[in-house]
Amino acid sequence: MRVFSRLAACAVTVAGLLAGAGTAFAGLGYPSPWEIGLQQPGSPVQTDIIWFNDLLLWIIGGIVLLVFVLLAIIIVRFNARANPIPSRTTHNTPLEVMWTIVPVIILVTIAVPSFRLLFLQVDGPKPDITVKATGHQWYWSYSYPDNGNFEFDSLIVADKDLKPGQPRLLTADNDMVVPVNKVVRVLVTGADVIHSFAVPSFGIKIDAIPGRLNETWFNATRVGMYYGQCSQLCGKDHAFMPIGVRVVSQSDFVAWIGTAKKKYASEGGASPNALAAAETPAQ
Ligand SMILES: [Cu+2]
């Protein structure tokens, strides 16, 4: 049996290394090369998602290991050569009770934090500000109903126009700007087809459905850029409608609101780009 305990130790080491490497390579607000874990948390919900993901990983790891060990024991000890006269046992009450109770305990262990997380995602704390995100073919527009109700469009920046440090396919021309350490309620809807508003570091992903207003929330704990993408196949340019969320200090946010009100009010709502996009037939 020594070989099995060695194999088990080896598997635990590999799992540990993978989990460690996943965290080490994970970026905050953007995906990074060789990343195998989830993006670093930028909002409490993502912290909980990572914790829950790791919990599940240990549980399924344990189950896989147990099944592997049981199979190995059966193959080695109960093959026709090693065990020529098989046992005729058909029932073992304590064993049957155990293999019913243990899975129930495992499922309850998973269900309790799972529902807690689900409720946290749906029922957030009292919002400090509200931003409405509307999915269009193929860009996002953002409006700030409790800060002057201005609206602007956010379109992808072409590869040739990227500045150093701006990630390809994730950079938008006008970011959604929010203050740090404030509960942001995001109202999400679709203007034409179903899109999905998703920012991995905040742990949010919610469908943008025409005629419906969905709601999600985040509380960005660190200043910086956070990137997301439309996550519901919405037509030919689905891959080219990134989400850029710029988290700034409260004073920077107030200053930005001041300039944004003037800048976007003068554009009179829809930009020429938006009009051109709106005229493109739906896919
Ligand atoms: Cu899409």
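How many of the chain's residues count as buried? Of the 283 residues of the chain, 34% do, where buried means under 20% relative accessible area, exposed means over 50%, and partly exposed lies in between (1.4 Å probe, protein chains only).

Before the close-ups, a word on the source. This is a predicted model, in which local features need pLDDT of at least 70 and side-chain atom pairs count only at pLDDT 80 or more, while totals for chains, interfaces and linings use all residues. Residues are numbered from 1 along each chain as its sequence is written, and side-chain values use heavy atoms, with hydrogens and water left out.

View 1. Helices (H or I, at least four residues) and strands (E, at least two) are DSSP runs, numbered from the N terminus. The chain exposes about 16,700 Å², and carbon and sulfur atoms supply 65% of that area. Accessible areas come from the Shrake-Rupley method with a 1.4 Å probe; for residues, only the protein chains shown count as cover. Take the contacts (heavy atoms within 4.5 Å) between residues at least 6 apart in sequence: 63% of them join residues at least 24 apart.

**View 2. The copper ion and its four donor atoms.** Here you can find Cys-230 (SG), Gln-232 (O), Cys-234 (SG) and His-238 (ND1) coordinating the copper ion at 1.9 to 2.6 Å. Donors are N, O and S atoms within 2.8 Å of the metal (3.2 Å for Na, K and Ca); water is not among the atoms, so sites may look incomplete. Along the sequence, the donor residues follow the spacing C-x1-Q-x1-C-x3-H. Why is the arrangement called tetrahedral? Because the donor atoms subtend angles of 89 to 125 degrees, and four donors count as tetrahedral if all angles lie between 85 and 135 degrees. Cys-234 is buried, at a relative accessible area of 4%, whereas Gln-232 is partly exposed at 29%.

**View 3. Salt bridges, of which the structure holds four.** A salt bridge is a side-chain nitrogen of Lys or Arg within 4 Å of a carboxyl oxygen of Asp or Glu. One of them joins the side chains of Arg-246 and Asp-175 at 3.5 Å, N to O. This pair links distant parts of the chain, 71 residues apart: Arg-246 sits in strand E10 (residues 242-248), and Asp-175 in the loop between strand E3 (151-154) and E4. Asp-175 is buried, with a relative accessible area of 14%, while Arg-246 is partly exposed at 32%. Another salt bridge brings Arg-168 and Asp-159 together at 3.0 Å, N to O; Arg-168 is exposed, with a relative accessible area of 51%.

View 4. Look for Val-180 in the loop between strand E4 (176-179) and strand E5 (183-190). Is Val-180 buried or exposed? Val-180 is buried, with a relative accessible area of 15%. Val-247 is 67 residues away in sequence, yet the two C-alpha atoms are 5.7 Å apart in space. Leaving aside neighbours within four places in sequence, the contacts of Val-180 include Ala-220, Arg-222 and Val-248.

View 5. Thr-134 belongs to strand E1 (residues 129-136) and counts as buried, at 8% relative accessibility. Among the residues that Thr-134 touches, not counting those up to four places away in sequence, are Tyr-139, Glu-151 and Gly-190. Also in this view, a cis peptide bond joins Gln-137 and Trp-138, with omega at about 0 degrees. Trp-138 lies in the loop between E1 and strand E2 (139-143). Most residues other than glycine have a negative phi, and most peptide bonds are trans.

**View 6. Trp-34, a residue other than glycine with a positive phi.** The phi of Trp-34 is near 70 degrees. You will find Trp-34 in the loop between helix H1 (2-25) and H2, where Trp-34 is exposed, with a relative accessible area of 74%.

**View 7. A nonpolar patch on the surface.** Ile-63, Val-67, Leu-71, Ile-75 and Val-76 make up this patch, and together they have about 440 Å² of accessible area. Patches are made of residues with over 30% relative accessible area and no salt bridge: like charges are joined within 9 Å, nonpolar side chains (Val, Leu, Ile, Met, Phe, Trp, Tyr) within 5 Å. Ile-63 is part of helix H2 (residues 44-77) and is partly exposed, with a relative accessible area of 38%.

Definitions and conventions
Four donors count as tetrahedral if all angles lie between 85 and 135 degrees; four count as square planar and six as octahedral if opposite donors are over 155 degrees apart and all others between 65 and 115; anything else is irregular.
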